[in-house]
Amino acid sequence: MNVRNSRMWFAILLSILTLTILSACSGSQSATGPQSKPTTGANRQPTPEATELPPATAVPPATSTPAAKGSAVAPGFNIAVPASDDTAGSTGLHPSLVFDATDDPMVAFMVQDPNGDGDLTDSTVSFTRWDRANGIWTKPVVVDTVDDIFGYSPVLQLARDASNNLLGVAYHRAENEIALALSSDNGASWKKENLTKPDDNDVNNPALAMANGKIHIAFMVGDELRYLTRTGATGEFKTSIAPVLPNASSAYRTQPQVAVDSTGKPALAYVLSPADGYNTQVAFWRPSESRAVKVADSNNVQNDAAYISLAFAGDKPRIAVNLSRGEKAGGPMYFMASDDGKTWSAPVQIPQDGDESMEGFLALAANPQGVAITAPSTGGSEENVKCGQPKLARSTDLKNFKTCSPDADRSKGLNAGYVTAAFDSKGKLYLAFQNVQAGGTVKSGLIVWREP
């Protein structure tokens, strides 16, 4: 081959090689897209309308629990919103569960730092529900984008008004801001409003109940428990301050509870700090009354933290608390019942599962057939432990409780974070909880369990 031909073939080979390299680089760029800097909290604007999570940060749809079209959610463990190994601890926080008109579950929950960049100011309040028509969980919809509010106790509550099918979520939106979002289309879109005043400081722990066209909200502003109510989806709220009991100084900075009975009449349950000494008190208040009623106290035992849950069995209130009362054995979880809200039973201590404690957040569900109390494990030891997580205590006579778990033999390998409970209209118990255990027989994410 002469020199001229050699040079020609060399040029052709060089051109082919260059085109190959350029094509590969172009394909790589189109696959990943341009990189952008994360948005800082100072520049981030609140989401103006409810939207689905963008494709890059969306929680994947729950394809692991499909059912036949027209089916209710299956008994057992259902993966409502799955999480990857990397997002197991950030998906499904603070779940709150209600039922739609056909007794299908609907859940509001938190997704912390959905894009995993370490900036928590893009966290979301999200919503999913069981779509009976298609036999699947709906793709999560973002109710709102919230700030880094995860140093607080439960930061949201979902409610539904059966009289008009209006959904509501009260939630901690920013450091000094509590918000309300309402939906009239089963959670497909949400309208939001701020509930706090410009000069409010140290706000936290919102609670919500809805019935008969009325909205009832409670949250803390410093040491003050504020109660808001209005009729209708729009308009001004009427505001009042929950009363304190004698020998109490102020409301405890834990989530207050607001609930409605079977007639739609509201009530609040909350914990009160002592004016002197160590006697923490539990209060029950009907906003139609000028005074609160004492439910129980701590027997002069100091409590640095206390948690409470309120539910109604028809028109009869039930309260569960985590409040140390000087118990010699077992944990500090107690249950109290009343027929009229004025006279309460003596506190009944709830048994633990072995030496595993349940001293943190708890959730109470009630109906005329009994009560259920659920809580995550908060420590202790595994000595004498028989059941898995989440822990579940049940009673039909309101005096004798048995504590175990939906994972009765610990075979599921669950690690339940936040958990909540509710009975449907047929008396079936549902739990919604965050499973942070990756690699178990039930995958991580937001789990909804239905009893058989």
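Guide: Two strands count as paired if DSSP finds at least two bridges between them. Keep that rule in mind as we look at this predicted model.

Visitor: What holds the strands of a sheet together in general?

Guide: Strands of a sheet pair through backbone hydrogen bonds, and the pairing is either parallel or antiparallel.

Visitor: In what order do the strands of the open sheet with E12 stand?

Guide: The order is E12-E13-E14-E15. The pairing in this four-stranded sheet is antiparallel.

Visitor: Which strands stand at the edges there?

Guide: Strand E12 (203-211) and strand E15 (238-241) do. Each has a single partner strand, so one side of each has no neighbour in the sheet. From one strand to the next, the twist averages 20°.

Visitor: How many bridges join E14 and E15?

Guide: Strand E14 (residues 224-231) pairs with E15 over four bridges, in the antiparallel sense. Take Tyr227: its bridge partner in E15 is Ser240.

Visitor: What is the strand order in the open sheet that holds E2?

Guide: Read E2-E33-E32-E31. Four strands make up this open sheet, with antiparallel pairing.

Visitor: Why is one side of E2 and of E31 left without a neighbour in the sheet?

Guide: Strand E2 (76-82) and strand E31 (416-423) stand at the edges, so each has a single partner strand. Neighbouring strands here are turned by 20° against each other on average, direction ignored.

Visitor: How many bridges link E2 and E33?

Guide: Six bridges link E2 to strand E33 (residues 445-450), in the antiparallel sense. Find Val81, then look in E33 for Leu446, its bridge partner.

Definitions and conventions. Residues are numbered from 1 along each chain as its sequence is written. This is a predicted model: local features need pLDDT of at least 70, side-chain atom pairs count only at pLDDT 80 or more; totals for chains, interfaces and linings use all residues. Side-chain values use heavy atoms; hydrogens and water are left out. Helices (H or I, at least four residues) and strands (E, at least two) are DSSP runs, numbered from the N terminus. Axes are lines fitted to C-alpha atoms, for helices over the stretch in contact, and angles run from 0 to 180 degrees between N-to-C directions.
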